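I opened my notebook to record what I looked up, one entry at a time.

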Amino acid sequence: MAELTYLSHSSWLIKTNDYTIAIDPFLEGNPLAQLKPSDVKADFIIVTHAHGDHLGDSIPIAKQSGGTIITNFEIANYCSAKGANVHPMHIGGAHEFPFGKVKLTPAWHGSSFPDGSYGGTPAGVLVTVAGKTIYHTGDTGLFLDMQLIGQLHPVDIFLVNIGDNFTMGIDDAVKAVEFVKPKLTIPMHYKTFDVIDVDPQEFVNKVQKKGYGVKLMQIGESYRF
Ligand code: NI
Ligand code: MN
């Protein structure tokens, strides 16, 4: 058994019996966040790209927890230079960690750090934990190779951005669900800022109409799998 908790935006916590894994923990400066960085202890922190709303509080959380940041080579170097434990990876590569398997997938987006320096290419991530595979898209536009990701790695839980402007909007995200064919879809990356203030219920209705399982998660809500 494991538990997936929505922290808002693209930020998630996965808890297994033995480990806590954070994905894109963005709390400080996030108007929707209910937790402070100091509230989060994580053994591993997965970072999809260097933008401030994804790298977020990964470094302080890693340092206070003694946790390891799993991310692309460029972001890993940046975090390591700031004193965090890191495990560098890159697009297409997979690795077995004590909690399960991580594979970085492509994402069509940018990945500069808040100071403008180079953060490598952005990623999505497949996390296989407790026998289930979670696909977190990171920030991305729609791309046809999502079909391949779904074919090679049957996806149990699809965490998909729907906020538009910086990433896929609702209709493209519905198409992404049709490409990936997950058992369950959960939308993310909406409402945090005015420019991504879309209605997630519209997404839910459209996904249901296509015959796929979809769930809206409240901030702080957990889902056991
Ligand atoms: Ni971004
Ligand atoms: Mn973002």
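**Entry 1: the manganese ion**

I looked up which residues hold the manganese ion (ligand 2). Its protein donors are D53 (OD), H54 (NE2), D139 (OD) and H189 (NE2), and they lie 2.1 to 2.3 Å from the ion. I kept in mind that this is a predicted model.

Next I checked the spacing in sequence. The donor residues of the manganese ion (ligand 2) follow the pattern D-H-x84-D-x49-H. D53 sits in helix α1, while H189 sits in the loop between β12 (184-188) and α6, so this pair ties together parts that are 136 residues apart in sequence.

Are D53 and H189 buried or exposed? I looked up each one. D53 has a relative accessible area of 14%, and because the limit for buried is under 20%, D53 counts as buried. H189 is buried as well, at 1%.

**Entry 2: the nickel ion**

I moved to the nickel ion (ligand 1). Which protein atoms are its donors? I found H49 (NE2), H51 (ND1), H109 (NE2) and D139 (OD), at 2.2 to 2.3 Å from the ion.

Then I looked at the geometry. The angles among the 4 donor atoms run from 89 to 173°, and the site is irregular. For comparison, I noted that the ideal angle for four tetrahedral donors is 109.5 degrees.

Along the chain, the donors of the nickel ion (ligand 1) are spaced H-x1-H-x57-H-x29-D. H51 and H109 link distant parts of the chain, being 58 residues apart. H51 is in the loop between β4 (44-46) and α1 (52-55), and H109 is in the loop between β8 and β9 (123-129). I also checked the accessibility of H109. It is partly exposed, at 25%.

**Entry 3: the bridge**

Which residue bridges the two metals? I found D139 between the nickel ion (ligand 1) and the manganese ion (ligand 2). The two ions lie 3.3 Å apart.

**Entry 4: T167**

I looked up T167 next. It lies in the loop between β11 (157-161) and α5 (170-180). Its relative accessible area is 8%, so T167 is buried.

What does T167 touch, beyond residues up to four places away in sequence? I listed D139, T140, N161, I162 and H189.

**Entry 5: two positive phi angles**

I checked the backbone in two loops. N165 is not a glycine, yet its phi is positive, at about 65°. N165 is in the loop between β11 and α5.

K191 is not a glycine either, and it has a positive phi of about 75°. K191 lies in the loop between β12 and α6. At 40% relative accessible area, K191 is partly exposed.

**Entry 6: α5 and α6**

How do these helices pass each other? I found a right-handed crossing. The axes of α5 and α6 (residues 200-209) come within 10 Å and cross at roughly 35°. From α5, the contact uses I170, D171, A173, V174 and V177. From α6, it uses E202, F203, K206 and V207.

**Entry 7: V102**

My last stop was V102, in strand β8 (residues 100-106). V102 has 0% relative accessibility, so it counts as buried. Leaving aside neighbours within four places in sequence, its contacts include I46, I70, M89, F97 and V125. I also looked up its separation from the nickel donor H51. The C-alpha atoms of V102 and H51 are 20 Å apart.

Methods. Residues numbered from 1 in each chain as written. Chains lettered and ligands numbered in written order. Predicted model: local features only at pLDDT ≥ 70, side-chain atom pairs only at ≥ 80, totals over all residues. Heavy atoms only, no water. Helix = DSSP H or I, 4+ residues; strand = E, 2+ residues; numbered from the N terminus. Buried < 20%, exposed > 50% of the residue type's maximum accessible area, 1.4 Å probe, protein only. Contact = heavy atoms within 4.5 Å. Donors = N, O, S within 2.8 Å, 3.2 Å for Na, K, Ca; no water. Tetrahedral: all angles 85-135°; square planar, octahedral: opposite > 155°, others 65-115°. Axes fitted to C-alpha atoms, helices over the stretch in contact; angles between N-to-C directions. Left-handed = near helix turned anticlockwise from the far one by under 90°.
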